[in-house]
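Q: Could you show me how to read the features of a protein model, one at a time? I would like to hear the general idea before the particular case.

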Amino acid sequence: MANSKYEYVKGFEQPDALLPNTWVVVRVDGRGFHKLSDHYAFQKPNDRRALDLMNKAAVEVMKDLPDLVLAYGVSDEYSFVFHPTCELFERRSAKIVTTVVSTFTAHYIYHWNTFFTETPLKPPFLPSFDGRAVTYPSTRNLRDYMSWRQVDCHINNLYNTTFWAMVLKGGMSNTDAEQELKGTVSSDKNEILFRRFGINYNNELEIYKKGSVVYRQYELETKEGKEAASSDLEPVSKTQQEKMRKLRKKAQVVVDHVDIIKDDFWDRRPWIVSNKP
Ligand code: DGT
Ligand code: MG
Ligand code: MG
Ligand code: MG
Ligand code: MG
């Protein structure tokens, strides 16, 4: 299109490319889910339907954006991880974040009825999500970020499980339960659960204790895939990149509820860090 005298306004747009060669984590978080979860009567402390819906939306985001290598979700939040080699939208932050957030929200709303069959969405209580991108220069930093979220999941879930047992099963008021839990450590909460309510925290569902990890599973590795994986060409050629993109798109996206703090998860799935299926 021909230049117009108006075109100078383009110069007002600020560059916002994320630092090259770094891990990019986009975390989305439900806006005002305290109110939203009350309104739609989410079960306390965990509503399986709500978590399954979050996971469904995350799986669809992974399918829509083959550049993603990993995601981790807990409560009303999900962290999506792009590999350091990712060049999506020339790494422009706003484009990446808004695409993840709107794709996630679209799937969350689209699939709501499948999980909440009795409680249709109705304004003004419509789910929306905020989002931000943070870059991490080393794989250690990325793993520490993931560990941080999973530790948070554990701490919150132990607290919430104990709190709601005291209130719903023990008939305590919210204030009394909160007061009694003030200053307690993990072992105290385990004790309260076991002695007063016969609940062994270890037997709680993994999805509640560990959150949800989403990644691509390459069990059915093809010959083509092995060739791509064994290649250490730097930089990766266009055809190679295309080949890997296709493999990523074909791979099954799975949801797991496992420890991502220790090495085991990462050692078993080297393609997550190498980005070479
Ligand atoms: P924000 O993120 O600043 O807009 O505010 P909120 O209200 O979304 O707060 P946030 O994100 O810190 O905490 C998540 C809220 O979502 C928290 O109040 C509990 C609620 N929530 C998430 N998952 C569940 C669930 O499975 N069951 C119930 N009952 N509530 C849940
Ligand atoms: Mg928040
Ligand atoms: Mg929130
Ligand atoms: Mg949250
Ligand atoms: Mg456009």
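Predicted model: local features only at pLDDT ≥ 70, side-chain atom pairs only at ≥ 80, totals over all residues.

Q: In which sense do strand 1 and strand 3 pair, and over how many bridges?

A: The general idea is that strands of a sheet pair through backbone hydrogen bonds, and that the pairing is either parallel or antiparallel. Here strand 1 and strand 3, the latter made of residues 77–82, pair in the antiparallel sense over six bridges. You can find one position of this pairing by looking at Asp29, which stands opposite Glu77 in strand 3.

Q: How should I read the packing of helix 4 and helix 6, and at what angle do their axes cross?

A: Two packed helices are described by the angle between their axes and the distance between the axes. The axes of helix 4 and helix 6 (residues 186–197) come within 10 Å and cross at roughly 35 degrees, and the crossing in which helix 4 passes helix 6 is left-handed. On the side of helix 4 the contact is made by Leu158, Tyr159, Thr161, Thr162, Ala165 and Lys169, while helix 6 brings Ser186, Lys189, Ile192, Leu193 and Phe197.

Q: Which residues come nearest to ligand 1?

A: There are 16 residues around ligand 1, and of these Phe33, His34, Ser37, Phe42 and Asp47 come nearest. The elements that give two or more residues to this shell are strand 1 (23–30), helix 1 (33–39) and helix 2 (48–64). Helix 1 gives the most, with three residues.

Q: Where does UniProt place the feature "binding site"?

A: An unreviewed UniProt entry places this feature at Asp29, Gly30 and Asp76. Although these residues are spread over 48 residues of sequence, they cluster in space, with a largest C-alpha distance of 5.6 Å. Of them, Gly30 has its place in strand 1. An unreviewed UniProt entry also lists residues 6–137 for "domain: tRNAHis guanylyltransferase catalytic", and this span is 36% helix and 22% strand, with its end C-alpha atoms 39 Å apart.

Q: Which peptide bonds are cis, such as the one from Lys44 to Pro45, and where should I look for them?

A: The angle to read is omega, and for the peptide bond from Lys44 to Pro45, which is cis, omega is near 0 degrees. Pro45 has its place in the loop between helix 1 and helix 2. The peptide bond from Pro123 to Pro124 is also cis, with omega near 5 degrees, and Pro124 has its place in the loop between helix 3 (93–115) and strand 4.

Key. Residues numbered from 1 in each chain as written. Chains lettered and ligands numbered in written order. Near = placed C-beta within 6 Å. Helix = DSSP H or I, 4+ residues; strand = E, 2+ residues; numbered from the N terminus. UniProt positions renumbered as here; feature names shortened; annotations may be inferred. Pairing = 2+ DSSP bridges. Axes fitted to C-alpha atoms, helices over the stretch in contact; angles between N-to-C directions. Left-handed = near helix turned anticlockwise from the far one by under 90°. Contact = placed C-beta atoms within 7 Å.
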